[in-house]
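Here are my notes on the model you sent. They are set out as numbered points, for someone who has not seen it before.

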Amino acid sequence: MARQGSFEAGGTALGDTATSSLSCDHGHVEYQIPANARATRLFLWHSSSAAVWQRNWAGGEGFQMKLLREGYPTYVWDGPRVGRANWGCEAYDYAPAAGRDQGNFGAWRLGPSFGTFHEGIQFPADDPDALEQANRARYQEFDTVANAQLETDAAAVAVDEIGPSVLLTNSAGGFRALLTRLKSDNVAGIVAYENPGYIFPESMAGRHRTGPFGPVYVSDEEFARLTEIPIQIVWGDYIDSSESWTDFYELSQEFAQVVNDRGGRVEILRLRDAGLEGNTHIPFADLNNQDVAELLFQWLDAKGF
């Protein structure tokens, strides 16, 4: 390793900065730069926990280390009000909610019911500690469009400080990455693992049911910014077992078509089509994450990264 460290990015301050103030709504970046690093920087973004990049489900080597071994500088991001950047400029409450563990099980598509795993899943189903660890490695996400805009304001500042970067995301981090591209020319590409939220031209406003992940509708000029970079949307297995993830998958196809019809370069990859089976909602943390990484490296090479 050549360098490693961290810094805060973006944010604002409450009060009189000379006598009584609070610095808040910034994000936190943890970076590691390998010796003889590649030029391409990878910005790792998960809205729920940075820990998912640092291990697999069984506690083994995570995606961050695999990227570093391949020579890519990595920048792990905690957005405003979550994780290591939790000082917000507004009051907010944490309300414990029993049932979140079971909700995770379904959202990650681990199986048809809590404790019953899909056959062939790339999760250590015979290790109870693995599921407990996965449930504990969580942040409060604050999934609203307004919060996504707040987070991407800070992320754009971070990416502009880092320089041209590929945003590597999971889940709602993908929605935030698309918003960040509208705010920073230094978003050079996006790889989104299982993104539920999208951006569409304002001429399509009202066509989609709105929720915590949008969609967000923007002007044709803003939308054109998404056509200028390569984007890959990656999907795991068992999508048909979940109505909500089926809807999100279909929405990703519509997004890809709209962008590509305007000259963009969006690709959708189902890991099963590439020969990988049993992947969850977080495929880069699955037991076969080395195979998932190899597919990423192929895409980065093909796009000149």
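1. I190 touches V166, L167, A177, L178, R181, I229, P230, I231, Q232 and W299, leaving aside residues up to four places away in sequence. Contact here means heavy atoms within 4.5 Å. I190 is also among the residues that touch the most other members of the largest nonpolar core, together with F43, W77, I199 and F255. That core has 47 residues, and helix α7 (residues 243–261) gives the most to it, with seven residues. A nonpolar core is a set of buried Ala, Val, Leu, Ile, Met, Phe, Trp, Tyr and Cys residues joined through side-chain atoms within 4.5 Å. A second, separate core holds 38 residues, including L110, L131, V166 and L269.

2. A word on the source: this is a predicted model, in which local features need pLDDT of at least 70 and side-chain atom pairs count only at pLDDT 80 or more, while totals for chains, interfaces and linings use all residues. Residues are numbered from 1 along each chain as its sequence is written, and side-chain values use heavy atoms, with hydrogens and water left out.

3. The protein has eight helices and 12 strands. Helices (H or I, at least four residues) and strands (E, at least two) are DSSP runs, numbered from the N terminus. The radius of gyration, taken over C-alpha atoms, is 19 Å, close to the 19 Å that the globule rule gives for 305 residues, so the protein is as compact as a globular protein of that length. The rule is 2.2 Å times the number of residues to the power 0.38. Of the 305 residues, 55% count as buried, where buried means under 20% relative accessible area, exposed over 50%, and partly exposed in between (1.4 Å probe, protein chains only).

4. Eight strands form an open sheet with mixed pairing, in the order β1-β4-β6-β5-β7-β8-β11-β12. β1 (3–9) and β12 (265–270) stand at the edges with a single partner strand each, so one side of each has no neighbour in the sheet. Two strands pair if DSSP finds at least two bridges between them. β1 runs antiparallel to β4 (residues 27–33), joined by seven bridges; Q4 has Q32 as its bridge partner in β4.

5. How is β7 placed, enclosed or open? Six of the six residues of β7 are buried, so this strand is largely enclosed by the rest of the structure. S165, L167 and T169 lie on one side and V166, L168 and N170 on the other, and all are buried. β7 pairs in the parallel sense with β5 over six bridges, and H46 stands opposite N170. With β8 the pairing of β7 is again parallel over six bridges, and S165 stands opposite V187.

6. Helix α5 (residues 172–181) has 10 of its 10 residues buried, among them F175, R176 and R181. β7, α5 and β8 make a right-handed β-α-β unit: with the strands pointing away from the viewer, the path from the first strand over the helix to the second runs clockwise.

7. Helix α8 (residues 289–302) lies across β5, β7, β8, β11 (230–235) and β12, running at about 150° to β8. Axes are lines fitted to C-alpha atoms, for helices over the stretch in contact, and angles run from 0 to 180 degrees between N-to-C directions.
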